[in-house]
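Me: I would like to learn how to read strands and cores in a model. Please take me through one case.

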Amino acid sequence: MRRRASLVLLAFAVCLAAMAPTLRWYVFPRAVRIPPNQYQVTVLEAKPATLLNYSTLKAEQVEKLTIIQTLKGNVEESKRIERHAGRDVVVWDSLSYVAGPDGKMVSQIPERYIFDAHSQDPVHATGESVDGDPVRREGIEFKWPFLTEKRDYQYFDAQARTSAPIHYKGTRTFRGMEVYYFEQTIPWTKVPMPKSMPVKGITAEFLARTGITRWYTTKRMFWVEPVTGAPVNGEEIHKEELRDARTLMGQDTVTAFAGHVKMREDYLRSTEELVKSNRALVLLVTSYLPRTFVVLSLALLALALWLEARGRRADPVPPALTPPS
């Protein structure tokens with residue numbers, strides 16, 4: 001009876017030992033992914049900020065500028081692209097809405113971001129765009145991959161429509177969480193005018209006819225929770241200028257916007273709570289369950305061997321045979 005029990009325990013030990021790597025290397029890439037219907041709003045503020053007053057065509061310091069960033073999963077487009085891509089795809093329709101101190105629109109830039117639901121690698125398909133212009137992203141945007149590594153990544157810059165390295169700058173502690181800090185600096189770069197302008201009659205086409213060009217530079221900073229790959233904080237030291245503007249504005253260069261953009265406190269708290277809950281789910285599949293299965297398999301193996309050894313000691317020794325006389 002002991003030997004039968006030891007065989008059963010051995011079978012369970014082998015099963016658990018096999019399940020540990022299966023969870024990490026087979027289940028994790030297939031089960032842990034971004035849901036296609038995700039909806040998220042983040043509010044950022046620059047306090048104070050320098051902003052172009054389009055009525056006076058002068059740069060003025062204002063108390064606050066607000067950026068409302070919305071990410072909305074487009075399930076129908078995800079399904080359509082998945083039929084051709086052969087993998088789980090997420091389509092995010094994003095809108096960055098910039099409001100002045102009076103709440104009125106300064107600019108709004110829509111994006112469509114298409115990416116692999118697990119790896120966050122870009123998926124190139126019809127509709128991939130920034131402000132209505134087709135783009136072909138390389139690298140990540142908005143989110144890092146699950147199990148983020150301590151290395152540089154290519155990060156897509158929506159203003160410049162190009163990708164550039166975002167550098168890993170070390171491990172830090174943010175609100176009690178261990179995070180990876182990343183930093184990217186975009187040098188002064190000529191970028192397109194937003195298609196939505198705050199003053200009726202002043203359009204991107206009108207400004208282009210006057211010879212005015214738009215330039216921008218930013219220092220982009222992210223604090224990323226490495227298990228989920230989700231930023232728990234993001235900031236930018238951002239500056240935009242209108243150049244070659246003497247014909248319309250009386251001077252060659254006018255600041256259109258300058259400020260240190262930070263996440264608002266209430267959104268920092270909600271992001272932290274969301275990341276912590278998702279972190280526990282990812283760790284369950286990648287760490288907690290595999291390690292538990294390994295420990296249990298070793299314990300069952302030890303118990304099986306102990307029962308087998310005990311059973312053999314308990315077996316009666318057969319009497320020696322006496323040779324015939």
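This is a predicted model: local features need pLDDT of at least 70, side-chain atom pairs count only at pLDDT 80 or more; totals for chains, interfaces and linings use all residues.

Me: Which strand do 13 bridges join to β12?

Reply: Strand β11, residues 213–225, is joined to β12 by 13 bridges, and the two run antiparallel. Four residues separate β11 and β12 in a hairpin, and G229 in the turn has a positive phi of about 75 degrees.

Me: How many bridges pair β12 with β13?

Reply: Nine bridges pair β12 with strand β13, residues 253–263, again in the antiparallel sense. Here E241 stands opposite T255 in β13.

Me: How should I think about side chains along a strand?

Reply: In a regular strand, side chains alternate between the two faces of the sheet.

Me: Which residues of the largest nonpolar core touch the most other members?

Reply: They are L65, W223, V232 and F257, in a core of 22 residues. Elements that each supply at least two of its residues include β3 (65–73), β11, β12, β13 and α5 (265–314). The largest share, four residues, comes from β1.

Me: What does L65 touch?

Reply: Leaving out residues up to four places away in sequence, L65 touches L44, E45, A46, A49, L51, V98, A99 and F257. Another core, of 15 residues, lies apart from the largest one, and among its members are F142, V227, V282 and L283.

Notes
Residues are numbered from 1 along each chain as its sequence is written. Side-chain values use heavy atoms; hydrogens and water are left out. Two strands pair if DSSP finds at least two bridges between them. A nonpolar core is a set of buried Ala, Val, Leu, Ile, Met, Phe, Trp, Tyr and Cys residues joined through side-chain atoms within 4.5 Å. Buried means under 20% relative accessible area, exposed over 50%, partly exposed in between (1.4 Å probe, protein chains only). Contact means heavy atoms within 4.5 Å.
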